[in-house]
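Here is a short tour for someone meeting this structure for the very first time. Have a look at it, then read on.

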Amino acid sequence: MEVGFFFWPYNRALVENLADRADRCGYDMIGIADTRKEAVCVGFKGGMVAQKSKLSRSLAGLIAGVVCIAAEFTAPVTAAKLTPVRAAYIPVVSWLPAWVAKEKGIFEANGLDVTLSVTQNLSVLPATLGRQFDFAPSTPPDLIKAVLAGIDVVAVAGQGIETKDNPSTHLIVRKDSAITGMQDLKGKVIATPTLGAIIHVSVLHGLKKNGIDPNSIRAVEVPFPNMPDQLKAGNVDAVEALEPFAGQLLAAGNRSLGDPLLSVSDEVLYTFWISESKWATDNHAVIEAWIASLNQAKQFMDANPEEARAILAKYTKLPEAVVQKIPFVTYRFSLDPRDFAVWVNVLKDLGQITRSVDENSLVVKLK
Amino acid sequence: MRYTRAWQQYLKLSVAALPPARGLLPLVVLLGAWQLLQSGKSPYFPPPSDWWNGLMLLSKSGRLYPALSATTITLLLGLVLAAAVGTGVGLFIGVFPRLSRAIGPLLEFLRAIPPPAIIPVAILFLGYDERMKLTVVVLAAIWPILLNTSSAAERVHPLLLDVARSFRLSAVDRMRLIILPSVVPAILLGIRVALPVTIVVTLLVEILTSIEGIGALMIGAQRNFQSSQVYGLLVLIGLFGLLVNNIFAVFEAILLRRWPPKIQSENF
Amino acid sequence: MDKGRLIARINWPGTTVLVFGGLAWEAAVRSGLLEYEYLPAPSAIALGWGELAKEGILGSDIAHTLISVAIGWAAAMVLGIPLGFLLGLSATARRYCLASIEVLRPMPGVAFAPVGLLLFGFSLKTEMVVTILPVLWPVLVNTMGGITGIHQRLYDVGRTFRLSRKDTILSIILPAAMPPIVVGARISLGLALVLAVVAEMVGNPEGLGYGIVREQQALQPDRMFAYIVTVGFIGIVLNAGMLAVAEALLPTSRQLRGEP
């Protein structure tokens, strides 16, 4: 009696094909089981007992079953269970829950094998989804513009929101500046980290709300670390700053004009995760595991702030003294399409987009 | 002997100096192939017909022409300054090789530092205006001119230097009558190489700081995911570079029309 | 080599200038003349450099950038010199290619970074996309210019000696065109370094360029400048290496002037 073992990477169609071939070769084909993503198929040539097909099949099935179970016990348990996920992040405090989830094994407990990669630049990320990354960070204007340009991405999980009680972004002026509020900014020079990104969009919106023409100010792009010097030298009149840079500027004695994001709404969507639409539709389970992991990470952070700060220091590489003072962002991991509608209106009002987009198409629908 | 007016001669020289238009054939073929292969809409690789629409959109919004003029002004000023400083320093280095050993490492050091690293320091001292842009552009564009000039100044034929000594020419006269004329073709070659460098660095500064110019438009379009605008602007830049180069080629042809032929020192 | 000659070979004037510049900078910062958060004193930069070297990341970053430079520059030389020869020798080729080259030359490599990222993601290949095109041009144009600038008389000499085509190229064209070719190679090498660093700053987050951005974002200006200084030194080393190679290939006219 000949016994053949066929190993094949698990693919249902392929295995059925294989079963056909084995039949044609005269093997009695049974036992298709997958262990470690490989199909183990045991075939017997020549019957073991008189009734070729049925009995030999069931006996062979038993043997195959034993073989497969044995194989499963010898293989590392986790390898069969974890789904590999690739995510990008920006080394800013907003993305701390993902780092905590990775460091504390929360992702693994939820069945995800996550690889985190650092990047500095939001705008190139929509292009990498589906190729290099499954999850990437994004902000409302970024997503809206990408979708309108025909890029097939969708928001899948929330991250940070900006609220009145916990502002993380400030519009800052020098302590001796004559500017007291947004209405004094007419004709001034404002430093922004990225033109067209969420902070600057909200500043323009705030200006318009205060009756200033957004075109009357001159905006220049300044990376956050250069802002203190530029402000001190007087090259710029106001800077848009994020934690920890905002904290440093304020500690040096400069004044805050307030949080520009709150001009959009008292509780406004700030950062979230996006994925390729097709991938998102096919992988609801992964997305739900992702959201669950982030929620658990947040609970860990609330219970163990010191350890969370240590992880923060590790991923942002900021100096210890700075890390201790950074306030945590307000996190909310579920998404509501209405939060996006707000931003669509803001962008349209500023003339940055010409068409509207249905806010429901921007968020993935999880059952 | 037929009498031809000077401007007719210049015109003939100019036409001879320009690269023939059929040289654009490879690119036209490439664009045509792209257009045929990619007729549908694509967010990242739109067909050339979309590029035209993108550009028209930009020009209608009134942002194209101010940006174009800002870039052109920076370019011209930067080129003139780079040529002046590059030639001066290059001659200095070539004529006094011992001095070149002294400042050599410092210059090499500055040459290697990439513009994106220079920009924050330049901004510190100069702020966010045209001066900063010019400084970075000149610092980057000097090198081809400087290197070509110093290389040629080193290689002035010893016979010519002997002539200078025979006539007991003063240092100034030697520079003016012997060294400079030998070196001018190399200077022009250096400027030729520096032309696209100037354009590239101007655009780079604009891309990285979003100071007014074509580069700022490009990065803005890229952030808004409007790749057709980006490609359209790239084509514009390419044609602009061709135009600038042609103007320079004409200038070079007219300047060098009576130049003595080059003598290489190594082979004699 | 005896100690005396070794001492004589070190570039004393050059080193002195650098040291003097460094001291002036240090004095300016300490005296409060240059008081910027973003511009640290050379002593702080040296300390930052030491930290980075001890942590080992400096070594791997240097290796990454050098590999990027090597590949980009080698590709440019391999493509540029033959093409430059072709264009220099054949007027027909020039007629059909020059205008296209002039159109492609001013394209900033940085503009291709998003395309590179799209095609190759965060990898070395993206850096290549940004580096190769701009680095190609100095080599190509200088080679072409060097060959078209060869005096007619030299070709006459070749014909008088009834040199074969191969001998003409080896004995007349190559030596005559060498100086501009070498200058082109030098410019390209410097440009390759700059572009590799730029590509790392805006595209692939690895290597010295990314180190500059990373330390900047992490509010460590002394470490950031340490990276910039490293880039500068690598530039010096690469250029000195290139000069040595050039000296070996074609002795300069210093010999003809009778200098040692």
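Two strands count as paired if DSSP finds at least two bridges between them. Helices (H or I, at least four residues) and strands (E, at least two) are DSSP runs, numbered from the N terminus. This is a predicted model, in which local features need pLDDT of at least 70 and side-chain atom pairs count only at pLDDT 80 or more, while totals for chains, interfaces and linings use all residues. Residues are numbered from 1 along each chain as its sequence is written, and chains are lettered from A, with ligands numbered from 1, in the order in which they are written.

Let's start with a sheet in chain A. Five strands make an open sheet there, running in the order β10-β9-β11-β8-β12 with mixed pairing. At its edges sit β10 and β12 (255–256) of chain A, each pairing on one side only. β10(A) lines up parallel to strand β9 (residues 189–192) of chain A, over four bridges. Within β10(A), Glu221(A) is the bridge partner of Thr192(A).

Zooming out, chain A has 15 helices and 14 strands. Of its 367 residues, 43% are buried (20 or more other C-beta atoms within 10 Å of their own, with C-beta atoms placed from the backbone). Residues are in contact if their C-beta atoms, placed from the backbone, lie within 7 Å. Of the contacts in chain A with a separation of 6 or more, 76% join residues 24 or more positions apart.

Now for how the chains meet:

| Chains | Residues in contact |
|---|---|
| A and B | 14 residues of chain A, 17 residues of chain B |
| B and C | 63 residues of chain B, 61 residues of chain C |

On the side of chain A that touches chain B, α7 (140–148) and β10 (218–221) of chain A each supply at least two residues.

And the inside? A nonpolar core is a set of buried Ala, Val, Leu, Ile, Met, Phe, Trp, Tyr and Cys residues joined through C-beta atoms within 7 Å. The largest one has 223 residues, and those with the most contacts inside it are Ala155(A), Ile274(A), Ala141(B) and Ala192(C). Helix α9 (residues 165–202) of chain C gives the largest share, 20 residues. This core lies between domain 2 (82–164 + 267–362) and domain 3 (169–263) of chain A, because both give residues to it; the domain bounds come from an automatic or database domain assignment. As for Ile274(A), the residues it touches include Pro126(A), Leu129(A), Val154(A) and Ala155(A), not counting residues up to four places away in sequence.

Key
Contact = placed C-beta atoms within 7 Å. Buried ≥ 20, exposed ≤ 12 C-beta atoms within 10 Å, placed from the backbone.
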